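Let's take a walk through this model by way of its aromatic rings. Have the sequence and the 3D view ready.

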Amino acid sequence: GITGISWGGYLTCIVAGVDPRFACAIPVYGCGFQQHNGEWLKRFAKMTPEQCQAWHAKGDPSVYLGSAALPMLFVSGTNDKAYPFNILEMSCALPRGPVTQCVRIAMPHGHEHGWNPREIGIFADQYLKGGVPLPSIGICKRAGYSVSAEFASPTPIRKAYLIYTRSLDHCPARQWQAEPATLASAIVQATLPEHTSAAFLAIEDDRDAYVSSTYLDLTSDSKSGIKT
């Protein structure tokens, strides 16, 4: 398997798409679409359009992730400045293999914070040692003011969360909050608070292993997000 933190996560995304020998890949923070958002924008602003295109074609992980067929775990935070949440989500949609997300509110960016998540070891053991898998959670779906996602887990799920923001700021400036969500059979469900502009669901098992769903951007519903 392969894992890396920050620029190492960026390289992990590239390797996952070009080298089929790995059993799993775990990028921490790193993702593609660097010319859409992130701390590199000021560097791209100094390049010509031709230079930007050449850089993207050769060096951006989004070019390679679509060829990744191995299981991948993306670990990051909602407010990461180097690899903002919106381009992380875009990157997670590209691999052909199964994708698991572990996005926590305001996870700090750094090596100690990057290697601490227990999900990294559990995911690696799952594919390299036949270990007990992480829980899985499906796409976050909306019906009116309710959001839900299917989940499966070989271990008991002890917590579920609705993670949402009312902010209309661009990533990573949004402020996120968490509220308990409801577990019913194999469904996690929650009601969206007033003026929610984006939201996703997450579950945590009895090992404190945490996984999160895709997120919904609700800003297109109105200028101030969903209104109840």
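Start with W176: at 8% relative accessibility it counts as buried, where buried means under 20% relative accessible area, exposed over 50% and partly exposed in between, using a 1.4 Å probe and protein chains only. Keep in mind that this is a predicted model, in which local features need pLDDT of at least 70, side-chain atom pairs count only at pLDDT 80 or more, and totals for chains, interfaces and linings use all residues. Residues are numbered from 1 along each chain as its sequence is written, and side-chain values use heavy atoms, with hydrogens and water left out.

Now for the rings. Rings of Phe, Tyr and Trp (its six-membered ring) pair if their centres lie within 6.5 Å; planes under 30 degrees apart count as stacked, over 60 as edge-to-face and the rest as tilted. That rule gives 12 aromatic pairs. In one of them, W7 and W40 have ring centres 5.3 Å apart and planes at 20°, so they are stacked. W7 sits in helix α1 (residues 7-18) and W40 in the loop between β2 (25-28) and α2 (41-44), 33 residues apart; helices (H or I, at least four residues) and strands (E, at least two) are DSSP runs, numbered from the N terminus. W7 is partly exposed at 36%, and W40 is partly exposed at 24%.

Back to W176, which pairs edge-to-face with Y215: 6.3 Å centre to centre, with 85° between the planes. W176 lies in strand β9 (residues 176-180) and Y215 in the loop between β13 (210-212) and β14 (216-217), so the pair ties together parts 39 residues apart in sequence. Y215 is buried too, with a relative accessible area of 14%.

Finally, W7, Y10, W40, F44 and W55 form one aromatic cluster.
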